Amino acid sequence: MARISLTPPRTLFFRIMERYSKRAYGKVLDPGKAMSHHRRVLWSYLRFEQSVAKWNTLDAGLKELAVMASAASIGCSWCMDFGYWEGHRLGMDPRKLHGVPLWRESDAYTPLERDVMAYAEAMTANPPEVDDELSGRLLGELGDAAFVELTMIVAVENLRSRFNSAMGLTSQGFKDSCDLREAPAGGAHHAL
C-alpha cells in the first residue's frame, strides 16, 4: 500500500502530467502521482527522465535487462511490472523478461546479457560489489560510451526503484496487459 496519497491536489501541472501519462502509458503512473505532492521534485524528475530517454549508445535490450536486474535486486515490484511492459514494447523475448529474477538458472541469455545483469546486481549491492574482471569484459564488449551509459542507467534505476519501494508503490498491472496480448487464439491464458 502506498505510503502517500496517490490522489494529489489536482493542480494544472498535475492535470498536464496526468494527460501525458495516460496518452503515453494508458494510465497515470503511480510514481508521478506520488511526486505530484511536490511540484519541483516532479518537474525536475520529468526533465531528468526526458534526458535519460535520449541516451542511445547502449543496446536497448541490454539496457532493459540491466534495469530489470537492478529492480529485481532491490525488490521493486512496480519497476519489475513496468520494466516487463517496456521490454515487451521493445519486442524482447518474453522468456528473457520473465526470467530476470532467476537469470542465473536460465539458458535464455547470451554471455553478454549475463555480464550486464551481473554488473547491474553488483552495482546495486550495498556497498557496490563491482570488480575489475567483469568491468573489463563489459568495457571490451561495449566500448567506453556504452559502458558509461550502462553504469549510469543502473544508477538511475537504483534511484527509481528505491523511491518506489520506499513509497510503497507496487505493480499497476502493466505486465498483465502484455500477457493478455500473448494469449494463444481461443482465449486461453498461458504462463510463460
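Reply: His37 lies in the loop that links α2 (30-35) to α3 (39-52); helices here are DSSP runs of H or I with at least four residues, strands are runs of E with at least two, and both are numbered from the N terminus. The model is predicted, so local features need pLDDT of at least 70 and side-chain atom pairs count only at pLDDT 80 or more, whereas totals for chains, interfaces and linings use all residues. Residues are numbered from 1 along each chain as its sequence is written, and side-chain values use heavy atoms, with hydrogens and water left out.

His37 has a relative accessible area of 36% and is therefore partly exposed (buried is under 20%, exposed over 50%, partly exposed in between, with a 1.4 Å probe and protein chains only). Apart from neighbours within four places in sequence, His37 is in contact with Ile4, Ser5, Pro8 and Pro9, contact being heavy atoms within 4.5 Å. Val100, by comparison, is 63 residues from His37 in sequence, and the two C-alpha atoms are 33 Å apart in space.

Another loop, between α7 (111-124) and α8 (132-142), holds Pro127. The peptide bond that joins Asn126 to Pro127 is cis, with omega about 0°.

The structure holds zero disulfides, a disulfide being a pair of cysteine sulfur atoms within 2.5 Å. For Cys76, the closest cysteine sulfur is that of Cys79, and the 3.0 Å between them is too far for a bond. Cys76 is buried, at 1% relative accessible area, and Cys79 also counts as buried because its relative accessibility is 7%.

These sites belong to a protein with 10 helices and zero strands. Its 192 residues would, as a compact globule, have a radius of gyration near 16 Å, and the 17 Å of the protein agrees with this; the radius is taken over C-alpha atoms, and the globule rule is 2.2 Å times the number of residues to the power 0.38. Along the principal axes, the C-alpha atoms fill a box of roughly 50 × 45 × 30 Å. Buried residues make up 44% of the 192. Among contacts in the protein with a separation of 6 or more, 68% come from residues 24 or more positions apart.
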